[in-house]
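Please walk through this structure, with attention to its charged side chains and its sheet.

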Amino acid sequence: AVNLSKLNKLSESEISIEVLKKHHLIHRTTQEVKFVAGELTRKVVIKGMRASAGARKAIEQAGGSIVE
């Protein structure tokens, strides 16, 4: 699981598993990721990953979205 607050430091606005691996937020062999609630201060688009209910709400409140 990845806390949303870690996304605030990334320059990318579209977040995929490859982006998380590039920034060493997950192990390079990780296949599935789920985001958990945290403080998100910017708009991001989460691509191909799951999110907890609290994380989904925080992403949407920041103007972002989750796409499959």
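**Salt bridges and sheet**

Lys22 is exposed, at a relative accessible area of 54% (buried is under 20% relative accessible area, exposed over 50%, partly exposed in between, with a 1.4 Å probe and protein chains only). This is a predicted model, in which local features need pLDDT of at least 70 and side-chain atom pairs count only at pLDDT 80 or more, while totals for chains, interfaces and linings use all residues. Residues are numbered from 1 along each chain as its sequence is written, and side-chain values use heavy atoms, leaving out hydrogens and water.

The whole structure holds 2 salt bridges, each defined as a side-chain nitrogen of Lys or Arg within 4 Å of a carboxyl oxygen of Asp or Glu. In one of them, the side chains of Lys22 and Glu12 meet at 3.0 Å, N to O. This pair links distant parts of the chain, 10 residues apart: Lys22 lies in helix H1 (residues 17-22) and Glu12 in the loop between S1 and S2. Helices (H or I, at least four residues) and strands (E, at least two) are DSSP runs, numbered from the N terminus. Glu12 is buried, at 16%.

Another salt bridge joins the side chains of Glu14 and Lys47 (3.2 Å, N to O). It links strand S2, which holds Glu14, to strand S4, which holds Lys47, 33 residues apart. Glu14 is partly exposed at 46%, and Lys47 is partly exposed at 36%.

S2 and S4 also belong to an open sheet of 3 strands, in the order S2-S4-S6 with parallel pairing; two strands pair if DSSP finds at least two bridges between them. S2 and S6 (65-67) are the edge strands.
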